[in-house]
Every structure is written in C-alpha cells, then in structure tokens.
Amino acid sequence: MRRAAGSPPSSVSSWAIMRAGSKLLRETVRLKVRIEQPKVPLVRGGSLNLKVVAERTGDFKGPIQVLLLQNPPGVGSAGSVQIPEGQTEAIIAMNANGDAPVRETPIAVRAIATVGNGVIESVAAHARLLLNQ
C-alpha cells in the first residue's frame, strides 16, 4: 500500500522510502528494525553487545545493512553491521572509554536493503543506552 508523498508515517518504525530509479515512493515497509533495549548499562572501560532485530514481511529475505546513527560521547562501535540473508538479528559491538560521560542517551539505527530494483530504508525507534561507572 503506497502513501501519498506528503502524508506522515504512522510511526518511525512502520515506513520506508523506496527508491526506484529517480522516483521516491513512500510505502508500507517490507521490513522493520528495532533495537533490543539493553538490560544492563555500558560501563566505563567496558563493552556491550547491542542487538538489532529485523521483522521481515512478505517474501523479502535479502541482506539488510544496519547503521548506528551516532555513537554517544566516549563510546566507539563497529558503526555498521549486516543482517545476513534469511536471518533476523545482528549484533553491534559497543565499547566505552574509561572517561566516557555517565549519562543516559538515545541511540538509533537505520536499515537499508535492496528489494527488487529499488532500495528501502527503515529507521528504528530509539532505545536508551545507560552509560555508568
């Protein structure tokens, strides 16, 4: 189901932009991504595996590129991982510097996949990352 170009999405994780040649079409997603909320904080000098889960619809089984939109201050990550064809999860490894600011910060990911002759993009609603001592 296609949406009119000017109509807003019902939620961040429920729409995608499809590029077909030079045309941009907003349509119902063939995939959604979400960040699994970390159950423990990322501690200074420590690491955390951030799980990203894809929900595929229809017959789409292709690989999905997942990009962390921004690292929090004092945190490093792989930045980009791939959910392999037919799989539903990927892990983004994150590491905090010894002097990373103690704070709670939002994190978000963007997913990109090729479907047919076009590219779809989806953005996950943000999760909260707690940086602790």
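**View 1. Glu 89 sits in strand 9, residues 89-96.** Strands here are DSSP runs of E with at least two residues, numbered from the N terminus. This is a predicted model, where local features need pLDDT of at least 70, side-chain atom pairs count only at pLDDT 80 or more, and totals for chains, interfaces and linings use all residues. Residues are numbered from 1 along each chain as its sequence is written, and side-chain values use heavy atoms, with hydrogens and water left out. With a relative accessible area of 41%, Glu 89 is partly exposed (between buried, under 20%, and exposed, over 50%, using a 1.4 Å probe and protein chains only). Skip the neighbours within four places in sequence, and Glu 89 still contacts Lys 51, Val 52, Val 53, Ile 83 and Pro 84 (contact means heavy atoms within 4.5 Å).

**View 2. Four strands make an open sheet in the order 3-5-9-7, paired antiparallel.** Its edges are strand 3 (31-35) and strand 7 (75-77), each pairing on one side only; pairing takes at least two DSSP bridges between two strands. Look at strand 3 and strand 5 (residues 47-56): 5 bridges join them. Arg 34 stands opposite Val 53 of strand 5.

**View 3. Now for the largest nonpolar core, with its 30 residues.** Such a core is a set of buried Ala, Val, Leu, Ile, Met, Phe, Trp, Tyr and Cys residues joined through side-chain atoms within 4.5 Å. Ile 64, Ile 92, Met 94 and Val 109 touch the most other members.
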